[in-house]
Amino acid sequence: MIVKNPAVISALALVVAFATVAACSSSSTSTPAEDGGGDSAGATGPDASTPDGTVSGDVDAGAAADASIADVDAAPVPIGTIVVAPTTASVPAGYSQPYLATLMLNDGGKIDVTTLVNWSTGDAGAATITNAGADKGLAKAVALGTTTIVAADPGGTAVGATASIVVNGATLTNLLVSPSPGNVMVGKTLQFNATGTFSDATARRVTKDVNWTTGDGTLATIDANGLATGVKAGTTFSTASNATMSAIDSATLIVQ
């Protein structure tokens, strides 16, 4: 297949194009026996399809190739669709929700394109979403309301999908830090996670939404995402808390 439509030249479209080429290559490969053992298209010689074996005219291979791609130029056929998950999420104001974008191929295959699409929201006053770095696709609930999460082809084509986010007023009532205890070697890292329970009786991962500290920075440090690093052998603890300190929990951290 030859694709000449410039609209498909983008990071996302390249993934689609490679998948298309691979699929076409595996399905169109033939052997001489399957082609009747004859010469390739465009060669001159007796035409086996005519009763007298004569040639009515030369075959222009270039013209045939151009004809074969005419439809691709005019109307590229999509090989799949983008799906954003979750399709709808209810998130307390001030907390985050990750979204994933998947290219669902027509042949049943799937390609994760979360880092390839451009993310945006319909109303930044209700929610924002990160469009770069390790947190690409991470939405942050800002204020009560409902808005749209958009995953679009960076090339500006019509390929894309939407989801929604509902920002609610639930408040954090409890935190649970894990693992507890946590063990880490000097110079190595250990990921701590925080799960929050809210006033509406829901629970969700809030690792990226709380404040992290360690009891003794000479033994271990911890970053804003809960990733602890062992500094010196000993025992301390890692603590997660919300901004108002109304919810807090700690886990023992053993550095070996």
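These legends describe close-up views of a predicted model of one protein chain.

**View 1. The whole chain and the confidence of the prediction.**
The chain of this predicted model contains two helices and 20 strands, and buried residues make up 30% of its 256 residues. Its accessible surface comes to about 14000 Å², and carbon and sulfur atoms account for 58% of that area. Among the contacts with a separation of 6 or more, 50% are made by residues 24 or more positions apart. The pLDDT averages 79 over the chain, and 69% of the residues score at least 70. Residues 1-9 have a pLDDT below 50, and this stretch has 13 contacts in the model beyond near neighbours in sequence. Residues 20-74 likewise have a pLDDT below 50, with 23 contacts in the model beyond near neighbours in sequence. Where pLDDT is low, the predicted coordinates should not be read in detail.

**View 2. The open sheet of four strands.**
In this sheet the strands follow the order β2-β10-β9-β6, and their pairing is mixed. Strands β2 and β6, the latter covering residues 118-121, stand at the edges; each has a single partner strand, so one side of each is left without a neighbour in the sheet. On average, neighbouring strands of this sheet are turned by 25° against each other, with direction ignored. Strands of a sheet pair through backbone hydrogen bonds, either parallel or antiparallel.

**View 3. The open sheet of three strands.**
Here the order of the strands is β13-β18-β17, and the pairing is antiparallel. The edge strands are β13, with residues 189-191, and β17, with residues 220-222, and each of them pairs on one side only. Neighbouring strands of this sheet are turned against each other by 25° on average, direction ignored. Strand β17 is joined by three bridges to β18, which covers residues 227-230, and these two strands run antiparallel. Within this pairing, A220 has G230 of β18 as its bridge partner.

**View 4. The aromatic pair of Y95 and F198.**
The structure holds two aromatic pairs, and this view is centred on the one formed by Y95 and F198, whose ring centres lie 5.0 Å apart and whose planes stand at 90°, an edge-to-face arrangement. The pair links distant parts of the chain, with Y95 in the loop between β2 (88-92) and β3 (96-98) and F198 in strand β14 (193-198), 103 residues apart. Are these two residues buried or exposed? Y95 counts as buried because its relative accessible area is 10%, under the limit of 20%. F198 is buried as well, with a relative accessible area of 2%.

**View 5. The aromatic pair of F192 and W212.**
F192 and W212 form a tilted aromatic pair, with 6.5 Å from centre to centre and 40° between the planes. This pair, too, links distant parts of the chain: F192 lies in the loop between β13 and β14, while W212 belongs to strand β16 (residues 211-214), and the two are 20 residues apart. Both F192 and W212 are buried. A pair of aromatic rings is described by the distance of the centres and the angle of the planes.

**View 6. Strand β16 and its partner β19.**
The two faces of β16 can be told apart by their residues, with W212 and T214 on the covered face and N211 and T213 on the uncovered one. Four bridges join β16 to β19, which spans residues 234-241, and the two strands run antiparallel. T214, one of the residues on the covered face, has S238 as its bridge partner in β19.

**View 7. The surroundings of S178.**
S178 is found in strand β11, which covers residues 172-178. Which residues is S178 in contact with, leaving aside its neighbours within four places in sequence? They are Q191, F192 and N193. S178 and N193 are 15 residues apart along the chain, and their C-alpha atoms are separated by 5.4 Å. With a relative accessible area of 32%, S178 is partly exposed, whereas F192 is buried.

Methods
Residues numbered from 1 in each chain as written. Predicted model: local features only at pLDDT ≥ 70, side-chain atom pairs only at ≥ 80, totals over all residues. Heavy atoms only, no water. Pairing = 2+ DSSP bridges. Axes fitted to C-alpha atoms, helices over the stretch in contact; angles between N-to-C directions. Phe/Tyr/Trp six-rings, centres within 6.5 Å; stacked < 30°, edge-to-face > 60°. Buried < 20%, exposed > 50% of the residue type's maximum accessible area, 1.4 Å probe, protein only. Contact = heavy atoms within 4.5 Å. Areas by Shrake-Rupley, 256 points an atom, 1.4 Å probe, with all protein chains shown as cover. pLDDT = per-residue confidence, 0-100.
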